[in-house]
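This report describes selected local features of one protein model. Please look at the sequence and structure below before reading on.

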Amino acid sequence: MGHTFLGINLGVGKVKVILVDEEQNVLSDSVVRLTRSSPHPRWFEQSPEEWWSATSEAIASVRAHVPAAFSGLRGIGISGQTQGTVLLDKHHRLLRPAMLWRDGRALAECVELEALVTNSRDITGNVAKPGFTAAKLLWLQKYERSVFDSIAKVLTPKDFIVFRLTGEFVTDMSDASATLCFDVTRRSWSERMIEALGLSCGHFPKLAEGSEVAGLLRPQLALAWQVKHPVPVAAGAAYPAAAAVGLGMREPGAAHIDLGQSGLVFVTSNRAYSGKEQAVGSFCHALPKRWCRLGVVPSGSASLDWSAPMIGVRSHESFIEQANQADVHEAPTFLPYLYGASSLHSDARASGVFFGLTQNTGKRELAYAVLEGVAFSMADSLVSIQKNGAKVSSVSLIGNGRNSRFWSELLVTACNTPMNLHDSEFDAPSIGAVRLAQLSAANGSAGNLFAAPPVVETIEPREDWGEEIEIRRARFRRVHQALKSEFAIQEPRP
């Protein structure tokens, strides 16, 4: 057997592991579901030990399916959920469950942080939001002081898996820039931001580009897996950057929109941007000398998970079928802020809203409104990124939502931008993790690793929908503007 490479994609809902050959043909894959808890409203937590257990289970399944190919393992790469906060003590023991990116408890601390470091947006490229690690650490100072005082290492979810694989504490630039403890322009930890938290740079992992080697696979794991040669583990990437690597997006202007549990708009750039004006973030790419603009809609397909039971359907497919039969003129406006609003509006207090209900509103109209609201939020993120100087040359549409023709066309029309579709089986973040593993094993030699996947179709905006969409999008924006003051007095804490 030839050389093979392992890609690990650690999400919020599942861990996926793939094994590929040198041409990135998938030889085997395995998925293990994850659980999460919400001990209070707007709090979201997960067990890092469950991440590791699920990762180990998925790897064991892949190895059992193709043992000969697995024995040729020459590199491991990891894509991870962003902005999760993992805390270890000096004995490398977990101090508490991980606080996930959707966690909204640290709202007041965002204001405090920007008061402590008045130029924080220049340093970090971002407006302070509750999901960022820095805000959570300030919250822990107040409400879990014994935990805070015991912190020896602050990691992201992916970093924890890297540690369990190698024994090393390393993160990449894309994950580090999502902590609000990082100087995005200089691609280094910010002493100013970290000292404002009462910590030091020593509390954070070493920095590496995503394609650099974080460490070698622990000998005990190599023995258990019957791998008889050193296996480098790449530093890896945050999920959005890993997806971009998988899509071959390293040139400025290359973009992807992800219709997943949350919605993401990622645009590649060759420079960092200030976070002064907008809630759209500036982050490092997982590749050297590359950055990105990132817009986030916290409730993407998660909006369907929430609303499907209300209209009596059990699947996304049935939900979208209902929406496709709606009388659009009777459909209400939906603000999809079930987990607060991020891009374009940085407002953790925002909540979901149906506006314009009448006696003629049925379940089909409710379903349509949900899909439309997510599409409008994604469109606002894209427009904001473009208005702030980022050029968009091409857009790929990925995520579960792209499997629906109706929802895809609705999104494309709302954005008024053609979007490329790739094979439905193509898993961009997992392939991105694999590519980073291959780069680390080859000491950074790219070869043809950044080839874009074939485009199977380009979806164009629907001209027959255009006028109606523009009218409804204008109302969507007016409803948000009218409710801003109401959101401001909502209290997210229990």
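## Loop residues

R36 sits in the loop between β3 and β4 (45-46); helices (H or I, at least four residues) and strands (E, at least two) are DSSP runs, numbered from the N terminus. The model is predicted, so local features need pLDDT of at least 70, side-chain atom pairs count only at pLDDT 80 or more, and totals for chains, interfaces and linings use all residues. Residues are numbered from 1 along each chain as its sequence is written, and side-chain values use heavy atoms, with hydrogens and water left out.

With a relative accessible area of 41%, R36 is partly exposed. Buried means under 20% relative accessible area, exposed over 50%, and partly exposed in between (1.4 Å probe, protein chains only). Leaving aside residues up to four places away in sequence, R36 touches V12, G13, E45, Q46, L100 and Q261, where contact means heavy atoms within 4.5 Å. The C-alpha atoms of R36 and A234 are separated by 27 Å, and the two residues are 198 apart along the chain.

Most residues other than glycine have a negative phi.

## Two helices

In helix α3 (residues 107-116), the buried residues are L107, E109, C110, L113 and E114. They lie on the same side of α3 because they cover an arc of only 150 degrees around the axis; the arc is that of the directions from the helix axis to the C-beta atoms. V111 and A115 are exposed, on the face of α3 turned away from its buried side. Packing against the buried residues of α3 are α4 (120-124), α5 (133-143) and α9 (191-196).

Helix α13 (residues 316-324) has F319, I320, Q322 and A323 as its buried residues. Their arc around the axis is only 155 degrees, which puts them on the same side of α13. The cover over the buried residues of α13 includes α12 (302-307), α14 (363-387) and α15 (405-415).

## Nonpolar cores

A nonpolar core is a set of buried Ala, Val, Leu, Ile, Met, Phe, Trp, Tyr and Cys residues joined through side-chain atoms within 4.5 Å. The largest has 106 residues, and those touching the most other members are W51, F70, L73, I76, L137, L165 and W225. Not counting residues up to four places away in sequence, L137 touches L87, F148, I151, V154, L197, L199 and F204. A second, separate core has 53 residues, among them V265, I311, V374 and M378.

## Second largest pocket

The second largest pocket is lined by 17 residues, with Q24, V26, F426, D427 and I431 nearest its centre. On a 1 Å grid over the protein atoms alone, a pocket is an open set of points where a 1.4 Å probe fits, with protein on both sides within 12 Å along at least five of seven lines; lining residues have an atom within 4 Å of a point. Two or more lining residues come from each of β2 (14-21), β3 (26-33) and α16 (428-441). The element that gives the most is α16, with 3 residues.
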